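Let's take a walk through this structure together, one piece at a time. Have the sequence and the 3D view ready, and follow along.

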Amino acid sequence: MRHGPLVFLAAFFALAVSWFGFVLTPQVQIGRPVQETNTVPGMKSLYPVGRPGLARQGAEVYRANGCAYCHSQQVQQNNTLVNVVLTDAGTNTMALASLMNELLPGRNYNGPSVGAGLPKTILTNAPIDKATVLAKNLKPAGGIAQLHLVPVGPDIERGWGMRRSVAEDFVADATALPGSLRVGPDLANEGARHRDANWQLVHLYSPAAVTPKSPMPAYKFLFEKKKIGNDASPDALPLTGDLKPADGYEIVPKTEAKALLAYLESLNSDTPLYEAPLTVAPPPKTNAPAAATNAPTK
Amino acid sequence: MTASSTTSSASDSISIAEIDASCRVPLFQLFVSSAVWLVLASVFALLASLKFHSPTFLDNCAALTYGRVHPVATNALIYGFGVQAGLGVALWVIARLGMTRVAQPWLIAVGAKLWNFGLLIGVIGILAGDNTGFENLEIPRYGVVFLFLGYLLMAIFILATLNYRKERLLGPSQWFLLAALFWFPWIYFTANYLLLSHTPVRGITQSIIAWWYSGNLNLVWFGLVGLGIIFHFIQQWMNRPLYSRHLAAFTFWTILLFASWSGVPSSAPVPAWIPSLSTVGTVLTVITALSVMINIRKTCGHGCSQTENPAPGKFIAFGTMAFVIAWLLNALGSVPGVNSVTNLTWYGVGVWQLNIFGFFAMTVIGAIYQIVPQVTGIEWPCLKSPKRHYWLAAFGVILIVAPLVIGGIVEGFNWRNVKMADVDVARNAANFIKVTTIGELALLVGNLMLLGNLIGLSVRYYKLHFVPAYKGAVAEIKPAEVKP
């Protein structure tokens with residue numbers, strides 16, 4: 001082979017290109033992640049928040065037992081749509097009502113009904129350009145509208161999260177576990193579902209007990225059977241039917257199970273970010289004075 | 001070395017029998033241990049699939065939970081069988097094509113020992129809960145060190161064998177094997193160093209590196225070695241060179257340039273350019289698959305009619321077909337519209353199985369059935385079992401891959417159907433997985449046949465060579481004692 005060394009170098013280079021592309025460049029771009037205050041305005045909080053100690057131990061249990069082979073932690077999003085919310089009807093409600101009837105065919109607003117029950121959503125899940133035009137057109141008639149961003153997609157409809165997962169969601173973890181297969185549901189926001197702790201533990205002990213016919217394997221080795229002492233343990237699982245241990249015994253979670261529970265409860269990535277924006281509904285208005293809360297006042 | 005002058009003069013006429021004999025020690029070591037790992041991989045894969053029949057099966061034992069059994073099965077298949085047996089066949093092909101003896105066969109065997117030791121402690125580590133959490137890289141640090149050293153030792157002397165070749169011109173199979181030999185330590189070191197050292201990279205960058213590694217291992221490494229072996233045997237059996245050397249070179253460059261970018265799923269929570277680039281690379285591997293198909297079709301002409309082939313030919317023909325289908329399905333699954341359905345479903349697992357078992361393992365098993373009798377000069381103890389193994393393996397692969405691919409597509413549509421409850425989607429998919437249990441069982445029986453045959457052959461070899469040698473040695477000593 002006359003050009004042997006040259007061909008060898010070329011092959012070496014061809015393979016090295018992918019190394020530069022997928023090892024070096026991502027490390028330069030996102031390899032030194034830090035917690036940042038790049039949550040959308042108004043939140044002003046650090047994201048992501050580090051997990052508490054027990055949840056960190058739980059992440060190790062999750063990793064060691066290969067939970068990631070069946071549960072992904074990456075919410076998908078197809079699109080971002082917009083809700084148009086009318087916040088102020090202005091003074092000339094008659095004019096606004098007729099304008100809105102014109103812009104939104106099929107509606108039948110009249111003066112008083114436009115101004116009632118504000119803020120109210122007048123257009124849901126619209127493409128962003130259509131929503132922007134509507135909000136702009138309402139302005140001359142005195143109507144003020146807000147645009148609320150709504151991420152959409154099957155995962156979000158399933159309640160697996162409010163927005164897609166992004167690189168930042170994994171900053172706080174020692175091992176990133178995005179998963180590659182969904183045998184069961186996505187867990188990126190398991191903590192946001194606020195399930196009962198006992199539900200989670202019984203589900204780990206025997207998934208079919210709380211989700212009938214679930215194909216998830218049981219994790220009985222995370223629990224132990226104990227003889228009840230003077231008093232029943234406060235941690236004992238509320239088991240019924242076949243699962244109930246013999247009289248005088250109880251099933252209590254080991255440290256691993258408690259840690260795993262803490263980890264599952266800590267899974268929450270619903271915070272709006274610049275790269276994955278969404279509009280969070282404002283907290284319900286109360287009549288309590290602001291000073292009565294612990295929130296810092298400006 | 002005093003004998004160097006005599007060997008160099010005699011080496012001009014090394015016989016094929018001499019070359020084969022020089023491969024014997026490392027090949028025995030590599031093939032027998034890889035057959036053991038292959039059986040272990042099937043046992044663990046069977047255990048994992050049984051979990052879908054009964055979620056409470058062995059639920060009291062932490063070491064036998066699905067999330068530990070499953071990675072042991074994949075690691076035993078990839079590292080125990082795939083890489084190890086692939087290196088063995090590569091060694092034999094390189095020695096044969098170069099018309100030279102193997103350099104330092106004993107050191108290659110030592111390298112294989114290190115590799116097996118590393119894998120053994122790694123697998124025990126996974127069962128004990130030391131899984132690193134990165135797919136295809138689950139083996140903990142203490143196992144990786146031995147695997148890496150073992151690989152280096154084997155690869156260095158395989159390269160030395162290549163360097164000593166008498167036939168200087170390198171053919172297509174040698175390009176493929178040479179590139180693979182160099183590429184593995186690079187990707188393996190990079191991935192393990194960056195993920196498992198004391199200061200690993202952080203955040204999702206870990207996953208990007210793991211995906212890059214998986215793509216390079218599953219497509220580039222197994223693709224290069226498997227095709228190198230296929231090209232060699234086709235040329236040997238058809239007794240003619242490949243239809244087009246240029247087309248083979250084209251295949252080679254498309255693997256290096258395109259397949260090395262595959263692996264990052266399009267849904268990955270990373271900056272969008274990364275999955276986009278990966279998708280482009282993966283889709284372009286279609287030309288790799290097509291170029292291989294054309295080249296082999298044209299080389300074989302009408303000679304590839306499968307029915308008359310002996311068992312090794314059947315295995316390799318199946319491997320070639322599986323290669324083309326697996327790479328086409330893999331590219332198809334990464335096309336954006338299709339990917340939104342197939343991503344994160346069993347589809348990917350099915351394609352992976354087709355690539356690793358259907359293509360690579362079948363090819364290498366065929367090569368083992370062909371090589372071992374030549375190298376030892378002994379026929380297989382059970383002559384019918386290679387053919388039976390072929391039918392079992394082909395049946396097994398189809399029964400594993402078809403349910404996974406179809407089930408994956410169904411699962412993808414089900415996840416998009418928001419009205420269907422999570423548990424119903426999971427149960428529906430699990431029904432497809434239950435079918436694969438039959439396939440896993442067929443593979444296990446077939447793999448046991450391979451192991452049994454190898455053990456039987458070793459016993460024959462032992463009886464034929466060691467027993468007479470031992471008796472001869474003992475017989476020589478006895479008269480010496482009697483004499484005075």
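Let's start with chain B. How many helices and strands does chain B have? There are 14 helices and zero strands, so if you read along the sequence, because strands and helices are counted as DSSP runs, the pattern is simply α-α-α-α-α-α-α-α-α-α-α-α-α-α. The C-alpha trace of chain B spans about 95 × 55 × 50 Å along its principal axes. For 484 residues, a compact globule would have a radius of gyration near 23 Å, and chain B agrees, because its own value is 23 Å. Of those 484 residues, 56% count as buried. Look also at who touches whom: among the contacts in chain B with a separation of 6 or more, 84% come from residues 24 or more positions apart.

How far can you trust this chain? The mean pLDDT of chain B is 91, and 94% of its residues reach 70 or more. Where pLDDT is low, the predicted coordinates should not be read in detail.

Is Tyr213(B) buried or exposed? With 25 other C-beta atoms within 10 Å, Tyr213(B) is buried, because the cut-off for that is 20 or more. Which residues does Tyr213(B) contact, leaving aside neighbours within four places in sequence? They are Asn136(B), Leu137(B), Ile187(B) and Ala191(B). Take Asn136(B) from that list: it is 77 residues apart from Tyr213(B) along the chain, and yet their C-alpha atoms are separated by 8.2 Å.

Most residues other than glycine have a negative phi. Asn239(B), though not a glycine, has a positive phi of about 55°. You'll find Asn239(B) in the loop between H7 and H8 of chain B. Leu344(B) is another residue other than glycine with a positive phi, near 60°, and Leu344(B) lies in the loop between helix H11 (336–342) and H12 of chain B.

Time to turn to chain A. Here you get nine helices and five strands, in the order α-α-β-α-α-β-α-β-α-α-α-β-β-α. Buried residues make up 38% of the 298 residues in chain A. Of the contacts in chain A between residues at least 6 apart in sequence, 75% join residues at least 24 apart. The domain assignment of chain A gives domain 1 (53–75 + 187–266) and domain 2 (79–152). Taken over C-alpha atoms, the centres of these two domains of chain A are separated by 47 Å.

At 1.5 Å a residue, its 12 residues should span 16 Å, and the end C-alpha atoms are 17 Å apart, which agrees. Among the buried residues of H2(A) are Ala55(A), Val61(A) and Tyr62(A). What do the buried residues of H2(A) pack against? Their partner is helix H9 (255–266) of chain A. After H2(A) comes Gly66(A), whose phi is positive, near 65°.

The contact takes 60 residues from chain B and 56 residues from chain A. On the side of chain B that touches chain A, the elements giving two or more residues include helix H3 (66–98), helix H7 (205–238) and helix H14 (422–482) of chain B. The residues on that side divide into 35 nonpolar, 17 polar and eight charged.

Key. Residues numbered from 1 in each chain as written. Chains lettered and ligands numbered in written order. Predicted model: local features only at pLDDT ≥ 70, side-chain atom pairs only at ≥ 80, totals over all residues. Contact = placed C-beta atoms within 7 Å. Helix = DSSP H or I, 4+ residues; strand = E, 2+ residues; numbered from the N terminus. Nonpolar A, V, L, I, M, F, W, Y, C, P; charged D, E, K, R; others polar. Rg over C-alpha atoms; globule rule 2.2 N^0.38 Å. Buried ≥ 20, exposed ≤ 12 C-beta atoms within 10 Å, placed from the backbone. Domains from an automatic or database assignment. Expected span 1.5 Å × (residues − 1). pLDDT = per-residue confidence, 0-100.
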